[in-house]
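Reader: Please pick one part and look at it closely. I want the geometry first, then the residues behind it.

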Amino acid sequence: MDIAQELLNGSKLALSRAITSIENEHDDAVSIMKKLYPHTGNAFVFGITGPPGAGKSTLTDKLAREYRLMGKTVGIIAIDPTSPFSGGAILGDRIRMNDLTLDEGVFIRSMGTRGSLGGLSRKTADAVKAMDAFGKDIIFIETVGVGQSEVDIVKAADTTMVVLVPGLGDDIQAIKAGILEIGDVFAINKADHEGADRLNVELNMMLDLGGMTKDWRPPIKQVVANQGKGVTELITTIEEHYAHLKTTGQLTTRRTERTKNEMLDILKNGIGTYITNHITASGQFDQYVKDVEDRRIDPYSVVNDILRGLLK
Amino acid sequence: MEKRIRVLVAKPGLDGHDRGAKVVARALRDAGFEVIYTGLRQTPEQIAEAALQEDVNVVAMSILSGAHAHIFPKVVNLLKGKGMDDVLVVGGGVIPESDIPALKAAGIAEVFTPGTTTGTIIDFIKANVK
């Protein structure tokens, strides 16, 4: 079957198969993406990140339901870690979203990180495009449970929400660099637990110290995701940020930056593949390695020679 | 090109005994599979739809309530109806030997009863996945 065409015609099976092709880098993945690309750029891409156990999946479930009530169709990409030892993974985010499974307007896909370290999987961006071309109005990307430095989500999403919970550390944690810098919106989940107000104060202090020059001060919303408390207000805040991105032109800026990064990635991958296929695979390269090892020549000169040959 | 076997592990029916399903999920993970674990009390419709969205190669169901004769074949039929006829469907749990031939005739590739080692399940999936 013509997967891309079937996908554009609304086949869920084709969408599912397309994501598999993309993720496994099948031979047809590039041709599928080429055909889908003109149909992308319409969805609102919303990133959810935060530490393990913060309630990202539960909150995603609740937010998705609210968006469905507003008549929007939803795609969800939920990422969980791949074992660096076995290559296997337990993808368990769907457990919190079982009631969405049979909703015709929702499509959920779980992905393993497969070696990627930034909180996403390497093919997340292309999977988003497949859902975008399929016609989803809003696409959630739920990252793996992150620590402090997995910030790839900002490159993939229009709006990024950081979910935090009380009890994870004192205020010095809040002034460290990393995920606290990437939130457009903050959600304090499990706000019925002790320490939520204190976390609220600490986050506010952090934002007050840094955010004076910006035209958007990230709002902090307290929620209790498993009871649905605060979810409607949270959606309002998310929508306000999206509207802010549009009116200030930042949406275009962010998306241009994303396009640029993606193109550079494709270019670098292409060059990498070329090097593997044409240079390191040849006997000539092994000879260079031997020469460098014996100190007859240095690696910098060798690489210079190779590059000069390449770029002729 | 990279091929990773994706398995949906599901607990249909109303019993809450998911220890077995979790042990199997963990063993499959350690064997290098991507396991989508959907948790307890899944309807056949939910299982088939999740299998479609996740594009899994295998659906593995565990049931200890005695409803296997009804639920397993239903999942097979729903999968076929969605165009997922190349999915390997396996089952496990306390299932009487006398029920197994009918389940196999209904499209369940294999039924693993108590005492089965996780190695047996892994080997079966590797040998039979399409």
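Author: Between axes, an angle under 35 degrees counts as roughly parallel, 65 to 115 as roughly perpendicular, over 145 as roughly antiparallel, and the rest as oblique. The model is predicted: local features need pLDDT of at least 70, side-chain atom pairs need 80 or more, and totals for chains, interfaces and linings use all residues. Residues count from 1 along each chain as written, while chains are lettered from A and ligands numbered from 1 in written order.

Start with helix 1 (residues 19-30) and helix 5 (residues 118-128) of chain B. Helices here are DSSP runs (H or I, at least four residues), strands likewise (E, at least two), numbered from the N terminus. The two helices pack at about 55°, with axes 10 Å apart. Axes are fitted to C-alpha atoms over the stretch in contact, and angles run from 0 to 180 degrees between N-to-C directions. Helix 1 and helix 5 of chain B are therefore oblique to each other. Their crossing is right-handed (the near helix is turned clockwise from the far one by less than a right angle).

Now the residues. Helix 1 of chain B brings B:Val23, B:Val24, B:Ala27 and B:Leu28. Helix 5 of chain B answers with B:Thr118, B:Ile121 and B:Ile122. Contact means C-beta atoms, placed from the backbone, within 7 Å. By class, this contact has 6 nonpolar residues, 1 polar and no charged. Nonpolar covers Ala, Val, Leu, Ile, Met, Phe, Trp, Tyr, Cys and Pro; charged covers Asp, Glu, Lys and Arg; the others, Gly among them, are polar.

Chain B also meets chain A, through 27 residues of chain B and 28 of chain A.

Methods: Two residues are in contact if their C-beta atoms, placed from the backbone, lie within 7 Å.
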